[in-house]
Amino acid sequence: MGNDQLDNSAQKGLQINILSKTRNTWHRPDPSFTYLLSFFLLLTALSWGLAYADGVGKTLRITFVFVFIHFLATSLIVATAAYFFVGKLLGPGVAGLPGRSRRQGLFGPPGNEAAEALEFGYCFDVAIRAFLPVWFFLYVVQFILMPLIARDYWLSLFVGNSLYLLAFVYYFVITFLGYNALPFLHHTQLLLSPVAIMTVLWFVSLFGLNLPKHFAPVLWAGADLRKAV
(Lines give C-alpha, C1' and ligand atoms only; values in the text may rest on other atoms or scores of the structure.)
Protein backbone atom coordinates (compact mmCIF):
# COMPACT_ATOMS: atom_id res chain seq x y z
CA MET A 1 0.00 0.00 0.00
CA GLY A 2 1.52 3.34 -1.09
CA ASN A 3 1.15 6.73 0.50
CA ASP A 4 -1.54 7.74 -2.03
CA GLN A 5 -3.60 4.67 -1.21
CA LEU A 6 -3.17 5.30 2.51
CA ASP A 7 -4.25 8.92 2.04
CA ASN A 8 -7.33 7.82 0.10
CA SER A 9 -8.20 5.30 2.80
CA ALA A 10 -7.78 7.95 5.45
CA GLN A 11 -10.03 10.34 3.54
CA LYS A 12 -12.71 7.67 3.19
CA GLY A 13 -12.36 6.77 6.83
CA LEU A 14 -12.91 10.39 7.75
CA GLN A 15 -16.35 10.56 6.16
CA ILE A 16 -17.88 10.79 9.62
CA ASN A 17 -19.01 14.35 9.30
CA ILE A 18 -22.45 13.73 7.81
CA LEU A 19 -25.13 15.08 10.14
CA SER A 20 -27.72 12.37 10.70
CA LYS A 21 -31.20 13.79 10.42
CA THR A 22 -32.71 10.93 12.35
CA ARG A 23 -30.22 10.96 15.23
CA ASN A 24 -29.48 14.70 15.10
CA THR A 25 -25.78 14.13 15.76
CA TRP A 26 -22.45 14.37 13.97
CA HIS A 27 -21.41 11.02 15.46
CA ARG A 28 -22.34 7.85 13.58
CA PRO A 29 -22.47 4.85 15.95
CA ASP A 30 -20.87 2.41 13.49
CA PRO A 31 -18.21 0.26 15.19
CA SER A 32 -17.20 -1.61 12.03
CA PHE A 33 -14.00 0.41 11.54
CA THR A 34 -12.98 -0.23 15.15
CA TYR A 35 -13.60 -3.96 14.77
CA LEU A 36 -11.71 -4.11 11.47
CA LEU A 37 -8.64 -2.26 12.72
CA SER A 38 -8.68 -4.33 15.92
CA PHE A 39 -8.63 -7.49 13.80
CA PHE A 40 -5.70 -6.18 11.75
CA LEU A 41 -3.86 -5.31 14.96
CA LEU A 42 -4.50 -8.82 16.24
CA LEU A 43 -2.88 -10.26 13.11
CA THR A 44 0.13 -7.96 13.33
CA ALA A 45 0.45 -8.67 17.06
CA LEU A 46 0.63 -12.39 16.32
CA SER A 47 3.34 -11.68 13.75
CA TRP A 48 5.40 -9.64 16.20
CA GLY A 49 4.85 -12.26 18.90
CA LEU A 50 5.86 -15.20 16.74
CA ALA A 51 8.96 -13.34 15.58
CA TYR A 52 10.17 -11.96 18.92
CA ALA A 53 8.19 -13.23 21.93
CA ASP A 54 9.44 -15.90 24.30
CA GLY A 55 6.58 -18.39 24.12
CA VAL A 56 2.88 -18.55 23.40
CA GLY A 57 1.87 -16.82 26.62
CA LYS A 58 4.03 -13.80 25.80
CA THR A 59 2.58 -13.73 22.28
CA LEU A 60 -0.94 -13.61 23.69
CA ARG A 61 0.14 -10.83 26.03
CA ILE A 62 1.48 -8.82 23.09
CA THR A 63 -1.81 -9.37 21.26
CA PHE A 64 -3.82 -8.10 24.23
CA VAL A 65 -1.59 -5.05 24.71
CA PHE A 66 -1.58 -4.12 21.02
CA VAL A 67 -5.37 -4.21 20.69
CA PHE A 68 -6.63 -3.07 24.07
CA ILE A 69 -3.84 -0.78 25.28
CA HIS A 70 -2.01 0.61 22.25
CA PHE A 71 -5.15 1.01 20.15
CA LEU A 72 -8.35 1.18 22.18
CA ALA A 73 -7.10 2.63 25.48
CA THR A 74 -4.86 5.19 23.77
CA SER A 75 -7.67 6.23 21.42
CA LEU A 76 -10.01 6.55 24.39
CA ILE A 77 -7.53 8.78 26.24
CA VAL A 78 -6.95 10.94 23.15
CA ALA A 79 -10.70 11.21 22.53
CA THR A 80 -11.34 12.20 26.15
CA ALA A 81 -8.65 14.89 26.02
CA ALA A 82 -10.01 16.18 22.71
CA TYR A 83 -13.57 16.24 24.01
CA PHE A 84 -12.64 18.43 26.96
CA PHE A 85 -9.98 20.61 25.35
CA VAL A 86 -10.69 20.97 21.61
CA GLY A 87 -14.15 22.40 22.18
CA LYS A 88 -12.88 24.72 24.90
CA LEU A 89 -9.87 25.99 22.96
CA LEU A 90 -11.19 25.98 19.39
CA GLY A 91 -14.94 26.21 19.83
CA PRO A 92 -17.07 29.31 19.30
CA GLY A 93 -17.68 31.51 22.30
CA VAL A 94 -14.01 31.38 23.32
CA ALA A 95 -12.56 34.79 24.04
CA GLY A 96 -10.66 36.09 21.05
CA LEU A 97 -12.18 33.61 18.62
CA PRO A 98 -15.19 34.30 16.39
CA GLY A 99 -18.27 32.12 16.41
CA ARG A 100 -21.53 31.27 18.08
CA SER A 101 -22.09 30.05 21.62
CA ARG A 102 -20.60 26.62 22.29
CA ARG A 103 -22.36 23.57 23.65
CA GLN A 104 -21.09 20.05 24.23
CA GLY A 105 -22.90 16.73 24.38
CA LEU A 106 -21.65 13.27 25.29
CA PHE A 107 -22.80 11.17 22.34
CA GLY A 108 -25.33 13.60 20.98
CA PRO A 109 -26.60 17.04 21.86
CA PRO A 110 -30.06 17.60 23.34
CA GLY A 111 -32.81 18.90 21.13
CA ASN A 112 -31.81 19.99 17.65
CA GLU A 113 -28.49 21.64 18.49
CA ALA A 114 -26.21 19.14 16.74
CA ALA A 115 -24.57 21.85 14.66
CA GLU A 116 -23.21 23.40 17.87
CA ALA A 117 -22.06 20.34 19.82
CA LEU A 118 -18.73 18.57 20.11
CA GLU A 119 -19.61 14.97 20.86
CA PHE A 120 -17.45 12.43 22.65
CA GLY A 121 -18.45 9.77 20.13
CA TYR A 122 -17.20 11.96 17.30
CA CYS A 123 -13.88 12.52 19.11
CA PHE A 124 -13.48 8.76 19.50
CA ASP A 125 -14.27 8.24 15.80
CA VAL A 126 -11.52 10.70 14.86
CA ALA A 127 -9.04 9.08 17.26
CA ILE A 128 -9.49 5.54 15.97
CA ARG A 129 -9.32 6.63 12.32
CA ALA A 130 -6.17 8.63 13.00
CA PHE A 131 -4.59 5.43 14.35
CA LEU A 132 -4.71 3.83 10.88
CA PRO A 133 -1.39 5.29 9.61
CA VAL A 134 0.25 4.50 12.96
CA TRP A 135 -0.77 0.87 12.52
CA PHE A 136 0.35 0.80 8.89
CA PHE A 137 3.79 2.41 9.32
CA LEU A 138 4.77 1.26 12.82
CA TYR A 139 3.07 -2.13 13.14
CA VAL A 140 3.20 -3.40 9.54
CA VAL A 141 5.94 -1.66 7.54
CA GLN A 142 8.30 -1.44 10.53
CA PHE A 143 7.84 -5.16 11.23
CA ILE A 144 8.69 -6.04 7.63
CA LEU A 145 11.75 -3.76 7.55
CA MET A 146 12.97 -4.49 11.10
CA PRO A 147 15.93 -6.67 10.05
CA LEU A 148 17.18 -3.73 7.96
CA ILE A 149 16.30 -0.63 9.98
CA ALA A 150 17.59 -2.00 13.31
CA ARG A 151 21.14 -2.13 12.02
CA ASP A 152 23.91 0.27 13.03
CA TYR A 153 23.96 2.16 9.75
CA TRP A 154 22.92 5.76 9.22
CA LEU A 155 20.71 4.77 6.26
CA SER A 156 18.93 2.26 8.50
CA LEU A 157 18.45 4.99 11.12
CA PHE A 158 17.12 7.41 8.50
CA VAL A 159 14.58 4.98 7.04
CA GLY A 160 13.44 3.68 10.42
CA ASN A 161 13.07 7.12 12.00
CA SER A 162 11.23 8.38 8.90
CA LEU A 163 8.56 5.74 9.49
CA TYR A 164 7.80 7.38 12.83
CA LEU A 165 7.67 10.81 11.24
CA LEU A 166 5.27 9.61 8.55
CA ALA A 167 3.07 7.80 11.06
CA PHE A 168 2.61 10.78 13.34
CA VAL A 169 2.36 13.38 10.59
CA TYR A 170 -0.49 11.39 9.09
CA TYR A 171 -1.97 10.98 12.58
CA PHE A 172 -2.15 14.72 13.18
CA VAL A 173 -3.29 15.49 9.64
CA ILE A 174 -6.19 13.05 9.95
CA THR A 175 -7.02 14.48 13.36
CA PHE A 176 -7.06 17.95 11.82
CA LEU A 177 -9.29 16.82 8.95
CA GLY A 178 -11.72 15.25 11.39
CA TYR A 179 -12.21 18.36 13.51
CA ASN A 180 -11.92 20.74 10.58
CA ALA A 181 -15.10 19.15 9.20
CA LEU A 182 -17.10 20.58 12.11
CA PRO A 183 -18.31 24.08 11.12
CA PHE A 184 -18.56 25.35 14.69
CA LEU A 185 -14.84 24.84 15.45
CA HIS A 186 -12.41 27.60 14.55
CA HIS A 187 -8.67 27.78 13.95
CA THR A 188 -8.47 23.99 13.70
CA GLN A 189 -5.19 24.43 11.82
CA LEU A 190 -3.64 24.71 15.27
CA LEU A 191 -4.11 20.95 15.50
CA LEU A 192 -1.34 20.69 12.89
CA SER A 193 1.16 22.35 15.24
CA PRO A 194 2.57 19.00 16.47
CA VAL A 195 3.68 18.27 12.89
CA ALA A 196 6.37 20.94 13.19
CA ILE A 197 7.44 19.56 16.57
CA MET A 198 7.61 16.00 15.21
CA THR A 199 9.69 17.19 12.25
CA VAL A 200 12.22 18.88 14.55
CA LEU A 201 12.43 15.79 16.78
CA TRP A 202 12.88 13.59 13.71
CA PHE A 203 15.74 15.77 12.49
CA VAL A 204 17.43 15.68 15.91
CA SER A 205 17.04 11.89 16.07
CA LEU A 206 19.05 11.54 12.86
CA PHE A 207 22.17 12.37 14.87
CA GLY A 208 22.24 8.96 16.50
CA LEU A 209 18.92 7.83 18.03
CA ASN A 210 17.58 4.77 16.23
CA LEU A 211 13.85 4.94 17.05
CA PRO A 212 12.95 1.38 15.98
CA LYS A 213 15.53 0.00 18.41
CA HIS A 214 13.96 1.86 21.33
CA PHE A 215 10.30 2.36 20.41
CA ALA A 216 9.22 -0.65 18.35
CA PRO A 217 5.67 -1.58 19.50
CA VAL A 218 6.74 -4.98 20.79
CA LEU A 219 9.12 -3.30 23.25
CA TRP A 220 6.14 -1.59 24.87
CA ALA A 221 4.03 -4.70 25.33
CA GLY A 222 5.46 -5.80 28.68
CA ALA A 223 6.50 -9.21 27.36
CA ASP A 224 9.86 -10.98 27.51
CA LEU A 225 11.53 -11.30 24.12
CA ARG A 226 13.68 -14.21 23.04
CA LYS A 227 15.78 -11.94 20.85
CA ALA A 228 16.51 -8.26 20.52
CA VAL A 229 14.69 -6.21 17.91
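Q: On which residue is the kink in helix α4 centred?
A: This model is predicted. Helices are DSSP runs of H or I with at least four residues, strands are E runs of at least two, and both are numbered from the N terminus. A bend at a residue is the angle between axes fitted to the seven residues ending there and the seven starting there. Helix α4 spans residues 120-149, with a kink of about 60° centred on Q142.

Q: How many of the 30 residues of α4 are buried?
A: Buried means under 20% relative accessible area, exposed means over 50%, and partly exposed lies in between (1.4 Å probe, protein chains only). Helix α4 is largely enclosed by the rest of the structure, because its count of buried residues is 24.

Q: What share of the residues in the protein chain is buried?
A: Residues are numbered from 1 along each chain as its sequence is written. In this predicted model local features need pLDDT of at least 70 and side-chain atom pairs pLDDT 80 or more, while totals for chains, interfaces and linings use all residues, and side-chain values use heavy atoms, without hydrogens or water. Of the 229 residues in the protein chain, the buried share is 47%.

Q: In what order do the elements of the protein chain run?
A: The chain has seven helices and two strands. Read from the N terminus on, the order is α-α-α-β-β-α-α-α-α.

Q: At what angle do the axes of α2 and α3 cross?
A: Two packed helices are described by the angle and the distance between their axes. Axes are lines fitted to C-alpha atoms, for helices over the stretch in contact, and angles run from 0 to 180 degrees between N-to-C directions. The axes of α2 (residues 32-52) and α3 (residues 56-90) come within 8 Å, and they cross at roughly 145°.

Q: Is T34 buried or exposed?
A: T34 sits in helix α2. Leaving out residues up to four places away in sequence, T34 touches F71, L72, F124 and I128. Its relative accessibility is 12%, so T34 counts as buried.

Q: Which residues does T63 touch, not counting residues up to four places away in sequence?
A: T63 belongs to helix α3. Its relative accessible area is 10%, so T63 is buried. With those sequence neighbours set aside, T63 touches L42, A45 and L46.

Q: How far apart are L211 and A150 in space, C-alpha to C-alpha?
A: L211 is in helix α7 (residues 211-215). L211 is buried, at 14% relative accessible area. In sequence, L211 and A150 are 61 residues apart, but C-alpha to C-alpha the distance is 8.7 Å.

Q: What is the phi of H187?
A: Most residues other than glycine have a negative phi. H187 lies in the loop between α5 (154-180) and α6 (193-205). H187 is partly exposed, with a relative accessible area of 34%. Although H187 is not a glycine, its phi is positive, at about 55°.

Key: Contact means heavy atoms within 4.5 Å.
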